[in-house]
Amino acid sequence: MSWLSVWWVWVAGGVILGAAEVLLPGFIFLGFAAGAVLTGILVALGAFGGHVAVMILVFALASLGAWFAMRRLLGTRVGQVKIWDRDINDN
């Protein structure tokens with residue numbers, strides 16, 4: 001039995017990555033955290049049958065999908081970017 005086939009390892013990894021996102025914001029770790037928690041839930045439900053390669057593939061695809069979804073929902077909106085036309089040091 002591989003340590004990757006234990007469901008709580010995936011969920012704990014997701015929580016740790018979520019905490020890393022709080023400390024280092026930027027929507028980088030949050031996608032990985034969501035992918036790890038989703039993979040942990042699927043492992044707990046017995047969806048993979050112990051195939052580690054499939055677990056890692058699902059983790060990668062879920063992380064990528066979560067990152068794109070959060071980027072779309074929480075990212076910069078059109079017209080929200082501030083363009084500065086003068087410098088604070090200009091007199």
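**View 1. The buried residues of helix H2.** Gly31, Ala33, Gly35, Ala36, Thr39, Gly40 and Val43 are the buried residues of H2. Buried means under 20% relative accessible area, with a 1.4 Å probe and protein chains only. Their cover includes H1 and helix H3 (52-74). Helices here are DSSP runs (H or I, at least four residues), numbered from the N terminus. This is a predicted model: local features need pLDDT of at least 70, side-chain atom pairs count only at pLDDT 80 or more, and totals for chains, interfaces and linings use all residues. Residues are numbered from 1 along each chain as its sequence is written, and side-chain values use heavy atoms, leaving out hydrogens and water.

**View 2. H2 from end to end.** H2 has 16 residues, which should span 22 Å at 1.5 Å a residue. The expected span is 1.5 Å times one less than the number of residues. The end C-alpha atoms of H2 are 22 Å apart, which agrees. Gly46 follows H2, and its phi is positive, near 80 degrees.

**View 3. H1 packs against H2.** Helix H1 (residues 7-23) and helix H2 (residues 29-44) pack at an angle of about 165 degrees, and their axes are 7 Å apart. Axes are lines fitted to C-alpha atoms over the stretch in contact, and angles run from 0 to 180 degrees between N-to-C directions. The angle makes H1 roughly antiparallel to H2, a term for angles over 145 degrees. The crossing of the two helices is left-handed: the near helix is turned anticlockwise from the far one by less than a right angle.

**View 4. The residues where H1 meets H2.** From H1, the contact residues include Trp7, Trp10, Leu17 and Glu21. From H2, they include Phe29, Phe32, Ala36 and Val43. Contact means heavy atoms within 4.5 Å. The residues of this contact divide into 13 nonpolar, 5 polar and 1 charged. Ala, Val, Leu, Ile, Met, Phe, Trp, Tyr, Cys and Pro count as nonpolar, Asp, Glu, Lys and Arg as charged, and the others, Gly among them, as polar.

**View 5. Ser63 of H3.** Ser63 is found in helix H3. Ser63 is buried, with a relative accessible area of 5%. Leaving aside neighbours within four places in sequence, Ser63 is in contact with Gly31, Phe32 and Gly35.

**View 6. Ala66 of H3.** Ala66 lies in helix H3 and is buried, at a relative accessible area of 15%. Beyond its neighbours within four places in sequence, Ala66 is in contact with Gly31 and Ala34. The C-alpha atoms of Ala66 and Phe32 are separated by 7.8 Å, with the two residues 34 apart along the chain.

Conventions: Angles under 35 degrees count as roughly parallel, over 145 as roughly antiparallel, 65 to 115 as roughly perpendicular and the rest as oblique. Buried means under 20% relative accessible area, exposed over 50%, partly exposed in between (1.4 Å probe, protein chains only).
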